[in-house]
Amino acid sequence: MIRPNADDLLDILACDIEARPGDAPGIEIGQYARAIKRTDGEVVIDFDPAAVASVEASAAAERVCCSSITWRVEQAPSLRLRIGASSEQLDVIEKMFAAG
């Protein structure tokens, strides 16, 4: 199996990595994930409530660089990040968070 390189992943995600704020947290927020599930059209990640600032900052940064993907943070009843995208994009996102 051929694994895509970083440039291929950025193309799939339609990500303008140069537009992303450099000091914003990234995929490392996955360390605070409690559960990851895939539904039709989105990946839903539940987080430790203590990570709210990091999750919000990461989602805000992703909205800038990956604007074709929706990044919605919910705080009630629990801290949750809903990521809406194409099936191919969700495949990448799900794998990134599951590996983290």
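How many salt bridges does the count come to? The count comes to 8 salt bridges. The model is a predicted one.

**Salt bridges**

Side chains of opposite charge can pair when their charged atoms come close.

| Pair | Closest N to O |
|---|---|
| Arg80 and Asp46 | 2.5 Å |

Take Arg80 and Asp46, whose closest N and O atoms are 2.5 Å apart. Arg80 belongs to strand β4 (residues 80-84) and Asp46 to strand β2 (residues 42-47), so their bridge ties together parts that are 34 residues apart in sequence. Both Arg80 and Asp46 are buried.

Glu74 takes part in two of the tabled pairs. Arg82 and Glu74 are both buried. Arg72 is partly exposed, because its relative accessible area is 44%. Shared partners join Glu42, Arg72, Glu74 and Arg82 into one network of salt bridges.

**Strand β2**

Asp46 and Glu42 bring us to β2. Is this strand enclosed or open to the outside? In β2, 6 of the 6 residues are buried, so the strand is largely enclosed by the rest of the structure. Glu42, Val44 and Asp46 point one way from β2. Val43, Ile45 and Phe47 point the other way.

β2 has β1 (residues 33-39) as a partner. The two run antiparallel and are joined by 6 bridges. Ala35 stands opposite Asp46. The hairpin of β1 and β2 has 2 residues between the strands, and Gly41 there takes a positive phi near 90°.

β2 also pairs with β4. That pairing is antiparallel too, over 5 bridges. Val43 has Ile83 in β4 as its bridge partner.

**The largest pocket**

Rolling a probe the size of a water molecule over the atoms shows where empty space is left. The largest pocket has a volume of about 330 Å³. It is lined by 20 residues, and those closest to its centre are Leu13, Arg20, Ile27, Glu62 and Met96.

Which helix gives the most to this lining? α1 does, with 4 residues. Helices α1 (6-13), α2 (52-65) and α3 (87-99) each supply at least two residues. By class, the lining holds 16 nonpolar, 2 polar and 2 charged residues.

Conventions. Residues numbered from 1 in each chain as written. Predicted model: local features only at pLDDT ≥ 70, side-chain atom pairs only at ≥ 80, totals over all residues. Heavy atoms only, no water. Salt bridge = Lys/Arg side-chain N within 4 Å of Asp/Glu carboxyl O. Buried < 20%, exposed > 50% of the residue type's maximum accessible area, 1.4 Å probe, protein only. 1 Å grid on protein atoms, 1.4 Å probe; cavity = no way out; pocket = protein on both sides within 12 Å on 5 of 7 lines; lining within 4 Å. Points joined across faces, edges and corners; volume = space filled by probe spheres on them. Nonpolar A, V, L, I, M, F, W, Y, C, P; charged D, E, K, R; others polar. Pairing = 2+ DSSP bridges.
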